[in-house]
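This report describes selected local features of a predicted model.

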Amino acid sequence: MNSSMLFGKLTFDALPFYSPIAAGGAAVIVLGGAGVVGLITWLRAWPYLWREWFTTTDHKKIGMMYVILALVMLLRGFVDALMMRAQQAIAMNAEGYLTPDHFQQVFSSHGTIMIFFMGMPFLFGIMNYIVPLQLGARDVAFPLLNAIGLWLTAAGAALVMASLVIGVFSTGGWTGYPPYTELSYSPTVGVDYWIMALLVSGIGTTLSAINFIVTIYKMRAPGMKLMQMPLFCWTALCSSLLVIFAIPGLTVAGGLLALDRYLGMHFFTNDGGGNVMNYANIFWIFGHPEVYILILPAFGIFSTVIPTFSQKKLFGYNVLVYATMCIAVLSFTVWLHHFFTMGADANVNAFFGIMTMVIAVPTGVKVYDWILTMYRGRLRFDTPMLWSIAFIVTFVIGGMTGVILSIPPLDYVFHNTLFLIAHFHNMLVPGMLFGLFAGYAYWFPKATGFRLDERWGRRAFVFWVVGFYLAFMPLYVLGFMGAARRMAYYDQPEWQIYFVVAAVGAFSVLLGIGCQVIQLVVSIRNRKGTMDLAGDPWGGQTLEWSTSSPPPEYNFAVLPQVSELDAFQVAKEAGRPYVWPTHYEPIEVPRNTALGPIFGGLAFVLGFAVVWHIWWLAAFGIAGVIATIIARSFAAETTRIISSEEIMATELRWHADVRAKQEANS
Amino acid sequence: MTTEMRHHPGINLSHSRPEDERHAEVTVFGFWTFLMNDAILFALLFATYATMVNRTAGGPTGAELFDIGNAFVETLVLLLSSFSFGMGAVALKEGREHPLKLWLGVTLVLGLGFIGLELREFAGLIGQGATAQTSGFLSSFYVLLSIHGLHVLVGCIWIVVMLAQVSTFGLSRQVRSRILRLGLFWHFLDLVWIVIFTTVYLPAVAS
Ligand code: HEM
Ligand SMILES: [Cu+2]
């Protein structure tokens, strides 16, 4: 391919006119983006957004922006899923409406988005919002790094979105196995987009994880011992530790692949002494822990929601902590189960098969703990609890199919069939996504001051759960019948009915998502009715409920003193949930800074330039990053003081809300 | 109090300013976490090198290419730079600005010297036709060493920035904490080099 100095490989051919559907997708992105920009301009909201949101270092706002990013990407990832389901429903002895190449792009972007740009930001958003509050801390340890982490994740997501409009996306699946993804077989920019998006967001994820680890170890409320932390904080800690240990695998696998593609090296090529198995190993040394990075915080959410809505203490707190740690450690000992069929020795396969079964044990222990928490509780079936119960039932089914796959001889039969697709969706959809939805509904009133509409929440729940079973149970059957994954079309008439059922299921999920959109609109419109500024709508047990909703910028005017687990519950039982001093000290908080958006912008430019071989622009991006870091290190005033009068005023307003609620209740 | 006793390795300020030490605790712990992450990155590159070392694709092997003498000089330069940084850390602990700058300057020169030696070695290899494109073995060799070299380069830039900051701000709390972290980084790179020397150069010569 020829390449110019100024624009690298970028020409007008990069526009997606290769298929009407791709052009339509690009048009939706461009028009949608333009619509949002236009709306903000029309509302003259740019200065407000810039001041209050984009430049903030407040962990709560950063958390909310992560969640918004995740919800947008969920829509994108789900549209991909619908497209695949529609294609496979009609592609029996027919071409369907997607070309094979386009179908490949769709499953690659679906997998990549759902894992890296939906799941991860959703989790990091909730962790950001909740962990400091549950620890009784005023902020995370490094607020600036936190903002940068958000913007790097957003830059990665933007690169994936850009590939829809300019150029193509990878066709190599979310795993990007070489030699297929090497230049000789994938000469387009798709794989480069995939690599750059993952490298950029990987840095952001690492920064956030460092932040959580330090926050959890160093910033807990006075007196709070590690074993007195809420379980969600434990899972956030383990998940962040996994990030620290696992993400380098993604960086190295992606980076070396990029070196092969850009500089003609021979890490994973067929010739020149390359070794493709190295890629499989390095990628999955990252990849398997990644699924636990995604699922552990969701376990933490269930461990918070279930006791609250059972109005009981969490059963087996200690056991749950140890089980979480066991899972975190064991998650590094199973990666080979992703390629049992790729020629390892029988004994090696046996070892990894057994380790995979072993990791099911602590997970099973957790399930019993949740069930026993509900046992003899006074259960309330609000939406967060409904998601949790659906999770337990569905997750157990997925876990059992996982144990089937962990037996190497059986894996030889099921490897890369739809059985595997069914299995991991059966883990990730209930395990991660239902947990995130539970957390979203549970903590929404904390972040906004009002509750989500319960009726639309239930409708969404029903459509999602029914849709999930319809969409994925048929895939188990198809897997038994030998249907491979990643098929654009097939010629077995007896398969079609199952694909049609799966498409119906996906359609039901679509209705569920529709209900969630309506729910958000309705809840905002009816917010007066569900307003609870006092801050404790569910009868929560942990410290985040002991401040106002939404909490003030500094979270706690006076740091809470903690001596037991479930500190807020203990205080409530002792009859004194709130301790209000008569005098407040001023509090130092970080100033706003434009560095987050600056780094995000530079990372996007750098990634884009590298994808298209526009080297001068890449050099500009790197120089910009270095210059910005150095300039920042010379900045002196990075914090400001909130005066005690201002704090007093804020706190008194909240005290009045609490008193009003107490009177209304008595 | 127990919390005050729990120092992280690498913090060395108690002599002059105990309150800075508490402040540095949090940042230094964060930096250790980052180093852990970086160590995994190197571990994976080492593992890659180990699996690629015999994949020479008919090209030259390590035994034919490597010059242990040059690697030994590089090792000495880097070890010396760790020593000079250590001297700088002592000056920092005692709050003496001038010797601190001097030792940082020496470290910088040694660091740049190391990079120069490495580049000279690369140029020599490329001159013999042994490039990163020759074989999987050489790809992994160049990448492992360049990633380490890039780290050293970042360390050098960081030293320059700290020299400027000591001149501008004096030994402020921020500056002291940054030099502590720079020290951790620098010694870490030294350690990685030792592993490179023992897993890349020594086996090649011994075979
Ligand atoms: C909820 C509705 C969802 C539906 C209907 C759906 C549907 C699909 C379909 C049809 C495929 C392609 C299967 C094939 O290879 O033939 C797929 C692949 C995949 N999905 Fe989903 N999915 C959903 C949610 C999710 C979620 C929540 C995640 C992750 C967090 C996820 C992660 C993946 C991954 C990683 C792949 C593999 C992509 C590849 O082959 O490289 N999906 N999904
Ligand atoms: Cu796995």
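## Helix packing in chain B

In chain B, the axes of helix H5 (residues 97-127) and helix H7 (residues 173-206) come within 13 Å and cross at roughly 30 degrees. Because angles under 35 degrees count as roughly parallel, H5(B) is roughly parallel to H7(B). The crossing of H5(B) and H7(B) is left-handed.

On the H5(B) side, the residues that meet H7(B) are Leu100(B), Thr107(B), Gly111(B), Phe114(B), Glu118(B) and Glu121(B). Their counterparts in H7(B) are Ile179(B), Trp186(B), Trp193(B) and Tyr201(B).

## Iron site of ligand 1

His110(A) and His425(A) coordinate the iron atom of ligand 1 through their NE2 atoms, at 1.9 to 2.0 Å. This pair links distant parts of the chain: His110(A) belongs to helix H4 (residues 100-135) of chain A and His425(A) to helix H13 (residues 418-448) of chain A, 315 residues apart. Both His110(A) and His425(A) are buried.

The six donor atoms around the iron atom of ligand 1 subtend angles of 89 to 179 degrees, and the arrangement is therefore octahedral. For six octahedral donors, the ideal angles are 90 or 180 degrees.

## Copper site of ligand 2

The copper ion (ligand 2) has three protein donors listed by residue and atom: His288(A) (ND1), His337(A) (NE2) and His338(A) (NE2), which lie 1.6 to 2.0 Å from the ion. The sequence spacing of these donor residues is H-x48-H-H. With a relative accessible area of 14%, His337(A) is buried.

## A buried asparagine

Asn349(A) is located in helix H10 (residues 346-374) of chain A. Its relative accessibility is 5%, so Asn349(A) counts as buried. Beyond its neighbours within four places in sequence, Asn349(A) is in contact with Leu336(A), Phe340(A), Ala344(A), Pro408(A) and Tyr412(A).

## Backbone exceptions in chain A

Most residues other than glycine have a negative phi, and most peptide bonds are trans. The peptide bond from Pro178(A) to Pro179(A) is cis, with omega near 5 degrees; Pro179(A) is in the loop between helix H5 (143-165) and helix H6 (190-218) of chain A. The bond from Ser549(A) to Pro550(A) is also cis, with omega near -15 degrees, and Pro550(A) lies in the loop between helix H16 (527-530) and helix H17 (567-573) of chain A.

Arg486(A), a residue other than glycine, has a positive phi near 60 degrees. Arg486(A) occupies the loop between helix H14 (454-480) and helix H15 (493-525) of chain A and is partly exposed, with a relative accessible area of 34%. His613(A) likewise has a positive phi, of about 60 degrees, and is found in the loop between helix H18 (595-611) and helix H19 (615-633) of chain A.

Note on methods: Residues are numbered from 1 along each chain as its sequence is written. Chains are lettered from A and ligands numbered from 1 in the order in which they are written. This is a predicted model: local features need pLDDT of at least 70, side-chain atom pairs count only at pLDDT 80 or more; totals for chains, interfaces and linings use all residues. Side-chain values use heavy atoms; hydrogens and water are left out. Donors are N, O and S atoms within 2.8 Å of the metal (3.2 Å for Na, K and Ca); water is not among the atoms, so sites may look incomplete. Four donors count as tetrahedral if all angles lie between 85 and 135 degrees; four count as square planar and six as octahedral if opposite donors are over 155 degrees apart and all others between 65 and 115; anything else is irregular. Helices (H or I, at least four residues) and strands (E, at least two) are DSSP runs, numbered from the N terminus. Buried means under 20% relative accessible area, exposed over 50%, partly exposed in between (1.4 Å probe, protein chains only). Axes are lines fitted to C-alpha atoms, for helices over the stretch in contact, and angles run from 0 to 180 degrees between N-to-C directions. Angles under 35 degrees count as roughly parallel, over 145 as roughly antiparallel, 65 to 115 as roughly perpendicular and the rest as oblique. A crossing is left-handed if the near helix is turned anticlockwise from the far one by less than a right angle, and right-handed if clockwise. Contact means heavy atoms within 4.5 Å.
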